[in-house]
Amino acid sequence: MAGTLWVLGSAGWMPAGGRETSCFLLELGDELIMLDAGTGVANLSLVPDVLRSHDRLSILLSHYHLDHMTGLMYLKRFVSDKRVDIYGPGRPAYPRTTEAYVADLLQETLYSAGHEGFAREVRYHDYGGRDFHVGSVPIHVRPQQHSAPSFELRLADAVTYATDTSFRPASWAEPAPTQVLLHECWQLGDGDPRHTSVEALASGLPRDRFGRTLLVHMNPAWDEAERAEVERIAWASGMELARDGMALSL
């Protein structure tokens, strides 16, 4: 499926080193789709012409951790005249709905527009761990192993998005190919079982199934030497570190 992918936020946990937290924008056919809504939402200022050409924005949340949701409060600047559809795991993957979790975050005591006032119209949807569609774009959903339920999202044959997950080689033995893989890289070597290391990806990821592999959700606590070593291993294995502001043709 032809389109464009913009990297708006490639850091995990908190902004650091010129990177905002998780947020990616895709234009696929007639659809404008955002993957997660971290502080990278602020970088929508880089694509004003793209925003003007669409009347609707669909946001797909992989899970509800704050570094993937806090940018929802920035949306009013960019989409106040649009319809926004927010898809999250919701029930039965979680005990409450997507709307309930967003309403907690954007309650009017903390955010004057509330969870319904930042756009012309806001609709909430629970995908509950099941495949679904955004317009004509099929979304394949796969559960991941993390500290809270999180989900890999594959958009047609264009993009696979896997963040906030441990890496299990067996589950990647024969992945469906896509043009771009966005995969988290939180650590150099195995340590935190909730996350993925660059060494695990280098040894176990079948990179020939993806046209391009970008490492995202990078650890802001890396020092210069650690980042250089991650980048060295990535390049030697045919992967690259994502940079905010990147635009990729699909």
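Visitor: In β11, which residue is the bridge partner of Y161?

Guide: The model under discussion is predicted. Strand β10, residues 159-162, runs parallel to strand β11, residues 178-184, and four bridges join the two. Within β11, the bridge partner of Y161 is L182.

Visitor: Which strands stand at the edges of the open sheet, each with a single partner strand?

Guide: The open sheet is formed by seven strands with mixed pairing, in the order β7-β8-β9-β10-β11-β12-β13. Two of them have a single partner strand each, so one side of each is left without a neighbour in the sheet. These edge strands are β7 (132-134) and β13 (240-241).

Visitor: How many disulfides does a search of the whole structure find?

Guide: A disulfide requires two cysteine sulfur atoms within 2.5 Å. For C23, the closest cysteine sulfur is in C185 at 20 Å, which is too far for a bond. C185 is likewise in no disulfide, the sulfur of C23 being the nearest to its own. The number of disulfides found in the whole structure is zero.

Visitor: Is C23 buried or exposed?

Guide: The term buried applies under 20% relative accessible area. C23 has 0% relative accessibility, and therefore counts as buried.

Note on methods. Residues are numbered from 1 along each chain as its sequence is written. This is a predicted model: local features need pLDDT of at least 70, side-chain atom pairs count only at pLDDT 80 or more; totals for chains, interfaces and linings use all residues. Side-chain values use heavy atoms; hydrogens and water are left out. Two strands pair if DSSP finds at least two bridges between them. Buried means under 20% relative accessible area, exposed over 50%, partly exposed in between (1.4 Å probe, protein chains only).
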